Structures are given as structure tokens and as C-alpha cells.
Amino acid sequence: MRHQAFDAAIIDMMLGEESGADLLAEMRARGHRMPAIVLSALSRVEDRAEGLDAGAQDYVVKPFQLGELIARLEVQLVRGAAAMPALALGGLRYDPADRTVSGAGRKLVLTEREGELLAYLIARPGQVLTRGEIFDALWAPHGGSTENVVDVYLGYLRRKLSDLSPYGLSLRTLRGRGFVLMLEESE
């Protein structure tokens with residue numbers, strides 16, 4: 001679990017041998033920048049300060065209302081997306097803050113899932129990714145889908161990118177191997 005990518009973390013301060021603050025500090029030291037909320041029965045000011053000092057963006061004391069926790073989590077996810085830098089590859093630019101992709105003098109708005117998929121692919125240019133790898137990274141954590149959803153969203157993305165990328169950027173299917181976003185060699 002420590003090596004998987006998540007959109008956010010909800011961490012209890014009392015985890016057994018290791019404290020939640022220690023786990024959060026370790027995650028931050030490893031470069032994990034996802035929003036984190038501490039959810040704990042520890043309610044002293046010192047406990048809250050320890051969680052926030054370890055890198056949490058928020059601290060919720062038990063007992064709590066689920067609606068409040070969800071609202072706080074949504075706020076952190078929006079803030080996290082707004083803080084993400086724009087990504088670029090082959091004349092194509094994706095801005096996660098407003099989920100816009102631009103190139104060839106045009107700009108399109110992507111759905112949340114299309115944006116996540118494009119960001120995932122841009123971060124791995126030239127790397128062959130299996131359907132399972134993409135599914136595990138982007139859909140499995142949310143549940144309720146099958147691996148076929150990857151093909152559907154790759155199709156959506158291909159159609160949108162075809163008009164924006166005259167710069168040799170190609171989203172290819174490698175039969176029996178997977179998918180790759182790559183820059184084509186110019187002749």
C-alpha cells in the first residue's frame with residue numbers, strides 16, 4: 001500500500017506500532033503530495049498540531065459526521081487539483097486545474113476521467129501500459145467498473161486529441177501489449 005498512488009489519504013493517528021503522524025511524515029518524505037486528512041479520537045490541541053505538522057491538510061476529531069468528512073475531503077481534492085502544474089508533451093498542454101487541453105491553437109475541456117487518463121499518459125511518454133495497469137491506477141480505487149472502461153476512455157481521448165496534436169503526438173494501441181502515448185519521429 002505504501003507504494004501505490006492515491007488521490008487522497010485519510011489517516012488515523014493511532015495505527016498500532018506506528019503513529020499516523022509517523023506514516024504521514026514518511027509519505028511526505030517519499031514525495032507523496034496527495035491531500036491528507038487526519039481522522040482521530042485524539043482531540044487535544046497538541047495532537048492536532050502533530051498531525052498538521054506531519055503534513056495533513058485537515059484534522060477531524062471522532063465522533064464525526066460522514067457528510068462533514070466527505071465535504072472536507074472534496075475541498076482538499078479540489079485544492080490539490082488546482083495546485084497541480086500543467087503538463088506538456090509534443091505541443092500539447094494539459095492544465096489539471098480547469099481540465100483543459102490545448103494545442104494547434106485550440107482548447108478543449110476534458111471530463112474528469114479523461115483528464116486523469118491524459119495526465120497519467122503524459123507522465124509516462126513512450127511507456128507501453130497495459131489495460132490492467134491503467135485500470136488499477138485510475139479506476140480500481142473507485143470501484144464499480146471493469147477493465148473495458150479503459151478502452152472506452154482511450155477512444156474518447158483519441159478523438160479529442162486528434163484535432164489538437166499536429167505535432168506528431170500519437171496514442172497507439174500495440175496489439176497484445178498495451179497502449180502508448182508517444183511522439184512520432186519527424187521525417
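1. Accessible areas here come from the Shrake-Rupley method with a 1.4 Å probe, and for residues only the protein chains shown count as cover. On that basis the protein exposes about 11,000 Å², and carbon and sulfur atoms supply 52% of that area.

2. A word on the source: this is a predicted model, in which local features need pLDDT of at least 70 and side-chain atom pairs count only at pLDDT 80 or more, while totals for chains, interfaces and linings use all residues. Residues are numbered from 1 along each chain as its sequence is written, and side-chain values use heavy atoms, with hydrogens and water left out.

3. Now the overall picture. The protein has 6 helices and 9 strands; these are DSSP runs numbered from the N terminus, helices being H or I with at least four residues and strands E with at least two. Of its 187 residues, 36% count as buried (buried is under 20% relative accessible area, exposed over 50%, partly exposed in between, with a 1.4 Å probe and protein chains only). Taking contact as heavy atoms within 4.5 Å, residues 24 or more positions apart account for 49% of the contacts with a separation of 6 or more.

4. Have a look at Asp 58, in strand S3 (residues 58–61). Asp 58 counts as buried because its relative accessibility is 14%. Its side chain and that of Arg 72 are joined by a polar contact of 2.8 Å (a pair of N or O atoms within 3.5 Å; within protein, one must be able to donate a hydrogen and the other to accept it, and residues adjacent in sequence count only if both atoms are side-chain atoms). Beyond its neighbours within four places in sequence, Asp 58 touches residues including Ile 37, Leu 52 and Gln 76.

5. Next comes the loop between S3 and helix H3 (66–83), where Pro 63 is found. The peptide bond joining Lys 62 and Pro 63 is cis, with omega about -5°.

6. Salt bridges (a side-chain nitrogen of Lys or Arg within 4 Å of a carboxyl oxygen of Asp or Glu) come to 7. One of them pairs Lys 62 with Asp 12 at 2.7 Å, N to O. Lys 62 lies in the loop between S3 and H3 and Asp 12 in the loop between strand S1 (9–11) and helix H1 (20–29), so the pair ties together parts 50 residues apart in sequence. Lys 62 is partly exposed at 33% relative accessibility, whereas Asp 12 is buried at 18%.

7. Another salt bridge links Arg 113 and Glu 116 (2.9 Å, N to O). Both residues lie in helix H4 (residues 112–122), 3 residues apart, about one turn of the helix.
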